[in-house]
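The exercises below concern aromatic pairs, backbone angles, pockets and cavities. Work each task on the structure before reading its solution.

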Amino acid sequence: MTTTALEDRAAQYFQDLQDRITAAIEAADGGGRFREDSWTRPTGGGGRTRALADGKVFEKAGVAFSDVHGTLRPEMAHALPGEGERFRATGISLIFHPRNPRVPTVHANVRHIQRGDAGWFGGGTDLTPYYVVPEDAVHFHRTLRACCARHDDSFYPRFKRWCDDYFFLAHRNEPRGVGGIFFDYLGAGAEAMAGQAAAGTPSPRETDPEAMFAFVRDVGDAILPAYLPIVERRQGEPWGDRERRWQTLRRGRYVEFNLLYDRGTVFGLRTDGRVESILMSLPPEVRWEYGFAPEPGTPEAESLAAICAKRDWAV
């Protein structure tokens with residue numbers, strides 16, 4: 001297979017994955033429908049963004065597909081493997097913000113980037129509960145561990161650690177949630193992963209683009225099985241003003257991460273991406289309160305402690 005064929009097959013898979021996920025989320029919501037915006041990037045490529053608002057289960061849900069190409073700005077050229085100014089990036093990114101604070105938020109993305117002769121896959125998924133339920137965190141992580149184990153036993157422990165380190169708000173000294181997996185530069189070789197301390201030593205399989213495409217497809221297909229059973233268990237649980245306040249405060253942390261640290265946000269904004277699609281991940285309602293901290297012994301304090309513990313949930 002040629003590199004171009006791999007790029008095209010990846011783009012087709014990501015489009016199909018968007019179709020399957022949006023159909024499943026509409027069915028799970030039982031009322032909301034996705035609005036689709038097809039868009040063209042002035043400097044090359046385009047995509048289709050699907051957003052659901054004010055559903056029965058999901059206050060906001062978004063699944064965005066993009067396939068863009070063009071010329072890298074100098075600051076991005078210095079940050080990416082490969083040579084030359086031309087690039088192509090394709091993938092999907094999703095975020096589901098539930099209405100009920102007892103249901104966690106989930107984020108996921110899978111992507112392929114090509115620059116000159118260098119091409120690589122990246123992505124992952126992570127769970128952000130407002131009220132941590134160990135059963136849910138265990139299910140999410142064990143689903144991802146099983147997915148990783150089908151390809152390489154080293155993947156889950158390495159990519160789980162990478163996720164813990166990546167989805168971390170250094171200025172707050174807090175993880176964003178209970179983690180999941182995160183990976184990048186798969187298929188680009190060990191040199192491209194140099195300096196990625198959290199990634200550990202690359203597996204020999206990571207130099208095989210076809211093997212990494214198979215892994216990324218498996219990750220994409222695992223997103224719904226990892227998340228929807230949790231939604232089904234929690235969506236009917238009662239909640240009130242106290243839980244809503246905590247949810248919107250924790251959403252504030254989510255916004256801080258996405259605007260300060262998220263690679264996808266930075267890449268999109270620095271490659272002339274569509275702003276509405278890039279910022280689709282932001283929650284619809286959020287709040288900040290000066291100096292707020294949960295009272296010791298409360299469910300909110302216990303959940304925050306569970307998040308900060310960075311547990312190995314899959315054990």
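A residue is called buried under 20% relative accessible area, exposed over 50% and partly exposed in between, with a 1.4 Å probe and protein chains only. The model is predicted, so local features need pLDDT of at least 70 and side-chain atom pairs pLDDT 80 or more, while totals for chains, interfaces and linings use all residues. Residues are numbered from 1 along each chain as its sequence is written, and side-chain values use heavy atoms, with hydrogens and water left out.

**Exercise 1. Aromatic pairs**

Task: Describe the pair formed by Tyr166 and Phe257 and the pair formed by Phe167 and Phe182.

Solution. 

Step 1. Apply the rule: rings of Phe, Tyr and Trp (its six-membered ring) pair if their centres lie within 6.5 Å; planes under 30 degrees apart are stacked, over 60 edge-to-face, and the rest tilted. The count by this rule is 20 aromatic pairs.

Step 2. Tyr166 and Phe257 pair edge-to-face, with 5.6 Å between centres and 85° between planes. This pair links distant parts of the chain, since Tyr166 is in helix H4 (residues 155-166) and Phe257 in helix H6 (residues 241-260), 91 residues apart. Helices (H or I, at least four residues) and strands (E, at least two) are DSSP runs numbered from the N terminus.

Step 3. Tyr166 is buried at 14% relative accessible area, and Phe257 is buried at 0%.

Step 4. Phe167 and Phe182 also form an edge-to-face pair, with 6.0 Å centre to centre and 90° between the planes. Phe167 is in the loop between H4 and strand S7 (168-169), and Phe182 is in strand S9 (residues 179-186), 15 residues apart.

Step 5. Phe167 has a relative accessible area of 5% and counts as buried; Phe182, with 3%, is buried too.

**Exercise 2. Surroundings of Phe155**

Task: Is Phe155 buried or exposed, and which residues does Phe155 touch?

Solution. 

Step 1. Phe155 is found in helix H4 and is buried, with a relative accessible area of 0%.

Step 2. Contact means heavy atoms within 4.5 Å. Leaving out residues up to four places away in sequence, Phe155 touches Cys148, Lys160, Ser203, Glu206, Met212 and Phe215.

Step 3. The C-alpha atoms of Phe155 and Arg145 are 8.2 Å apart, and the two residues are ten residues apart along the chain.

**Exercise 3. Charges over rings**

Task: Which rings have the charged end of Arg102 and Arg217 over them?

Solution. 

Step 1. The criterion is NZ of Lys or CZ of Arg within 6 Å of the ring centre and within 35 degrees of the ring normal.

Step 2. Arg102 has its charged end over the ring of Tyr131, 4.3 Å from the centre. Arg217 lies over the face of Phe213, 4.4 Å from the ring centre.

**Exercise 4. Positive phi**

Task: Where do Asp54 and Lys310 lie?

Solution. 

Step 1. Asp54 is in the loop between strand S2 (45-53) and strand S3 (58-71). Its phi is near 60°, a positive value in a residue other than glycine, and Asp54 is exposed at 61% relative accessibility.

Step 2. Lys310 lies in the segment after helix H9 (299-308). Phi of Lys310 is positive as well, near 50°, and Lys310 is partly exposed at 33% relative accessibility.

**Exercise 5. Pocket and cavities**

Task: What volume and lining does the largest pocket have, and how many cavities of 30 Å³ or more are there?

Solution. 

Step 1. On a 1 Å grid over the protein atoms alone, a cavity is a set of points where a 1.4 Å probe fits but cannot get out; a pocket is an open set with protein on both sides within 12 Å along at least five of seven lines; lining residues have an atom within 4 Å of a point. Grid points are joined across faces, edges and corners, and a volume is the space filled by probe spheres set on the points.

Step 2. The largest pocket holds about 990 Å³. Its lining has 46 residues, with Arg263, Gly264, Thr265, Phe267 and Gly268 nearest the centre.

Step 3. The cavity count is two. The largest cavity has about 80 Å³ and 13 lining residues, including Asp164 and Pro175.

Step 4. The second largest cavity, of about 30 Å³, is lined by Thr128, Arg176, Arg250, Arg253 and Tyr254. H6 gives the largest share of that lining, three residues.
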